[in-house]
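Please keep the structure in view while reading.

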Amino acid sequence: MSDDAIRLVTIGRMLRRRGRLLTVLVVLGALAGFGVSLVFPPRFTTSASVLLPGAWEERVLLTQAEIATSTVVTDRTAAELRWAGVDGEELRERVRAQVTDGNIIKISGTAESPAKARRLADELARQFVAFSARIVDDTADPTAAAGPDQLRQMVLTTSRRITELADSADPGRTVESVQTRTELAKLRTALQEAIGKLDQAGSNAAGSRLVVMGPAAEPSGEAPPTRVQLIAAGAVLFFLLAVVGHLTSARVNRRLRSEREIAAALGSGLLGGVDVAARRGALRPEGGGARQRVRRLLGVDTPWNAPSPPTAGDEASLGIRYRRVVGRIRELAPGARRLLLVVADDDAVALRAAERLAEEAGGDPLLRVTEVSAEAPLVPDREEESGVLVVLGAGTRTAAELAGVAEACADAGHDVVGIVLADAVRTRPARSAGPPREAAAPALALGDGARGGAR
């Protein structure tokens, strides 16, 4: 797993073998999300729209949006609302303003109830319009402020002067009449310019007035994140953390699977491998402690990334492998009368293999099975044993754990004389003996005839 790429089949195997644990973690994540939703009460959001009549540049609109959520506006809003424990700084975190199409600034407010959210948005929009109008009045030119009245007075004066000059002008074609007409033309031009300035001043004054486009609407639902969203987010987060944790632990797994690495860690040679018929819970360690029962209930007492047991022969073929290993043990220690089989207490497959080895040996030599703790192994002191055989499953122990077993054996005065690897397999059903023998006879005769023809 540490060298292979993560494939979908790996994810599928993890979901299948850790389904109960993942389900529990998802439920815990949902409960955590529910707890967070209780800490943070639901919020409601609504918006009020403010229209800016006339032609506005984009940067000016953005400036107006910043003014809508400025400290001055929020402080005035907080003073007007008079909510207990809520000041302008807190309101700044609850409001937001953005520019939309059509020179409209959308002002949003968030509160604990729909009524409060609506009141906040309306009041903020009203204070923004009032403050913006005050800015325009304070920054306006004093002459421009008095301009409309002066312009109108100038228009009246000029009109009267034109009338007087027109009445007194000589209708003839004299030089004085030409000068009079020229002066009248200049006065008319000044009058037209005055009227244009008056109209422009009126247009700017009208354009500077912001308009609130009605009250804010009643919010129909909670603002995100809602309670349902928090619960779903907690469940998804716990699920993803569990998946990532499983994959990370599998990648940093240091359990040895190679025969050469196992032999080097124990400082002995490999005598062979035996198979154990897989059954339900074959990889599950025995024990009745509370911790073990919880692990068994959650399905974490067996490795999730172990490959599925391969299909081997029937029980008869499995017995052949055991007898071969027992024969190697006799050849390895011909004069030995007793040997100690050391098995980790959490390795159920190795324990079953050791018990069957002791049965197959039949007392020659006498194989005594002893279980040791993988974390702190303690081997019985040497009495009449001629050595120790370590029986373990492939991929169940790290190099440090195997070194600890070897040290425990040496500390008790034992020599590790061999290693036996055990593996769980699926066996085929036993076949009846009759039909195969009848079918084998013609094949044997055919083989003899063929060999005879060959000679």
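Is Arg43 buried, partly exposed or exposed? Arg43 is partly exposed, because its relative accessible area is 32%, where buried means under 20%, exposed over 50% and partly exposed in between (1.4 Å probe, protein chains only). The model is predicted: local features need pLDDT of at least 70 and side-chain atom pairs pLDDT 80 or more, while totals for chains, interfaces and linings use all residues. Residues are numbered from 1 along each chain as its sequence is written, and side-chain values use heavy atoms, without hydrogens and water.

Arg43 belongs to the loop between helix H2 (19-39) and strand S1; helices (H or I, at least four residues) and strands (E, at least two) are DSSP runs numbered from the N terminus. Leaving aside residues up to four places away in sequence, Arg43 touches Arg94, Thr110, Ala111, Glu112, Glu222 and Ala223, contact meaning heavy atoms within 4.5 Å.

The sheet comes next. Four strands form an open sheet in the order S2-S3-S1-S4, with antiparallel pairing; two strands pair if DSSP finds at least two bridges between them. S2 and S4 (211-212) stand at the edges with a single partner strand each, so one side of each lacks a neighbour in the sheet. S1 and S3 are joined in the antiparallel sense by eight bridges, and Val50 has Ile105 in S3 as its bridge partner.

Phe128 touches residues including Val50, Ile105, Ile107 and Leu210.

Finally, consider two helices. The axes of H13 (residues 315-332) and H14 (residues 348-361) come within 9 Å and cross at roughly 70°, the axes being lines fitted to C-alpha atoms over the stretch in contact and angles running from 0 to 180 degrees between N-to-C directions. H13 is therefore roughly perpendicular to H14, a term that covers 65 to 115 degrees. Residues of H13 including Leu318, Tyr322 and Val325 meet residues of H14 including Ala353, Leu357 and Ala361.

Note on methods:
Parallel < 35°, antiparallel > 145°, perpendicular 65-115°, else oblique.
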